[in-house]
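Have a look at the sequence and the fold first, then read on.

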Protein chains: 2
Amino acid sequence: MKKGKFIGIGVGPGEPDLLTVKAVKALNDVDIICAPKSKESKPSLALSIVQSILDDRESDYETLEPLFPMIEDETALHEYWSRAAELISEKLDAGLDVAFITLGDPTVYSTFSYVFSRIKGLDYETLIIPGITSFTGCAASAKISLAEKDEIMVIVPKVDERLAQILEHGDTFVIMKTSRHSDLLEEVINNDKRDKEVISVQNCSMKDETIFNGFSNNKKYLSTTIVKFKDKK
Amino acid sequence: MKKGKFIGIGVGPGEPDLLTVKAVKALNDVDIICAPKSKESKPSLALSIVQSILDDRESDYETLEPLFPMIEDETALHEYWSRAAELISEKLDAGLDVAFITLGDPTVYSTFSYVFSRIKGLDYETLIIPGITSFTGCAASAKISLAEKDEIMVIVPKVDERLAQILEHGDTFVIMKTSRHSDLLEEVINNDKRDKEVISVQNCSMKDETIFNGFSNNKKYLSTTIVKFKDKK
């Protein structure tokens, strides 16, 4: 029997129309939609973004929602990912195509990579469909360019001493999920004496999107800060 | 009279299905498609990517193809951009909506930004529709993740001493258009003694896409190299 295909799909930052045509076609075609969620009680954000596409489907589909809790314990996390990979393998072995949907892009800070690394070595056909990243979505909403000419752009997922060290070597910095550590971020950025423009975007491309100058000061999870230094050191 | 709307559209790396649904809707709706080209004799790559969408349009549209030559002379370049902006303004003043199409994303190393900065200050409605960047397209094609967990990702448009300086501070490096300076790139990367994975992609998502381990060694223009260091310094 022919085995199913495993497809990673980036659903973009939030607005359903920011999915690619290729992603929409795949979502209309696969047998299973796999949408991990961080809490049993909390619906998957990626799933809510594609819900209107799924509602318009003419054929039936099944939804898999494995739990990927936000915990630090590496051993426990590995077990969750392995269990999800096993669940997916069972479906692929049964000849069903599985789409794993993920916010933004599947290759950029996505839990997709942990599951994909487990599936990749096995004998399945795979495909990754890229998605609009949060940072290009944010730049588009804020109507600013991220980088021009020879400018070096740096994407930083965590604010710590490594950010302070790399800062002088780059021109544009995108700091993801900034609300988790906004005081330290502000301190590190302000220690750099170059002229700068700081813009933060919360819930990019969603109905409650907020764009403002400066740093994020509340605890919304999907918050991104863009820092553009205006002259090179 | 109502003025037209100026829309920047990222058409992604090359495969027409990698446009977003939002981009396709806009391309079906606008009056004018503006697609800059680098030589009079050379068709615009961005335009060729959306040609099948335009061919399916039911309503008429007009194409503007201003010349943006690949020259170093800043003063001459500014004149080309200003002239393009004037051309676009005339159409907007006449109440026509203009879409400026650009390879990849309009906010990432795009000539769109130079025209947008001239239009932005004027009294027109504007919109930027993000596109799939070359680097997420390349990572999807190569089936690798660009960054995970706390890894810092750096996008570098030019190989020079600044790359050598920033190298030890990041984990993943995307070097754009690498064929222009591949020997120096190889030298700089090999000077870093960390374990690394090097993958190059040429003509990402196009019919003649090529993916290979190591550095690019021919002169194709649309070539990207991804370097992933495997342990932090």
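How do α1(B) and α2(B) lie to each other: parallel, perpendicular or oblique? They are oblique to each other, because angles under 35 degrees count as roughly parallel, over 145 as roughly antiparallel, 65 to 115 as roughly perpendicular and the rest as oblique.

Before going further, a word on the ground rules. This is a predicted model, where local features need pLDDT of at least 70, side-chain atom pairs count only at pLDDT 80 or more, and totals for chains, interfaces and linings use all residues. Residues are numbered from 1 along each chain as its sequence is written, chains are lettered from A and ligands numbered from 1 in the order in which they are written, and side-chain values use heavy atoms, with hydrogens and water left out.

**Helix pairs**

Two packed helices are described by the angle between their axes and the distance between the axes. Here, axes are lines fitted to C-alpha atoms, for helices over the stretch in contact, and angles run from 0 to 180 degrees between N-to-C directions. Helices themselves are DSSP runs (H or I, at least four residues), numbered from the N terminus.

| Helix pair | Angle | Axis distance |
|---|---|---|
| α3 (residues 74-93) and α4 (residues 112-120), chain A | about 55° | 9 Å |
| α3 (residues 74-93) and α4 (residues 112-120), chain B | about 55° | 9 Å |
| α1 (residues 21-29) and α2 (residues 45-55), chain B | roughly 60° | within 10 Å |

Back to the opening pair: α1(B) passes α2(B) in a right-handed crossing (the near helix is turned clockwise from the far one by less than a right angle). The residues that meet are B:V24, B:L27 and B:N28 from α1(B), and B:V50, B:I53 and B:L54 from α2(B), where contact means heavy atoms within 4.5 Å. By class, that makes five nonpolar, one polar and no charged residues. Ala, Val, Leu, Ile, Met, Phe, Trp, Tyr, Cys and Pro count as nonpolar, Asp, Glu, Lys and Arg as charged, and the others, Gly among them, as polar.

In chain A, α3(A) and α4(A) are oblique to each other as well, and their crossing is right-handed. On the α3(A) side the contact includes A:H78, A:W81 and A:I88, while α4(A) brings A:Y114, A:V115, A:R118 and A:I119. The tally there is eight nonpolar, three polar and one charged residues. For chain B, the crossing of α3(B) and α4(B) is right-handed, with B:W81 and B:R118 among the contact residues.

**How the chains meet**

Chain A can be laid on chain B with an RMSD of 0.0 Å by a turn of 180° and a shift of 0.0 Å along the axis. The two copies are thus related as by a two-fold rotation axis. Superposition is by least squares on the C-alpha atoms of residues with pLDDT of at least 70 in both. Within chain A, the residue that comes closest to the rotation axis is A:T20, at 1.9 Å (C-alpha).

The contact takes 55 residues from chain A and 54 residues from chain B. Together the chains bury about 4,800 Å², 60% of it on carbon and sulfur atoms; buried area is the accessible area (1.4 Å probe) that two parts lose on being put together, summed over both. On the chain A side, A:T107, A:K143 and A:R162 lose the most area to chain B, together 15% of what that side buries.

Note on methods
Helices (H or I, at least four residues) and strands (E, at least two) are DSSP runs, numbered from the N terminus.
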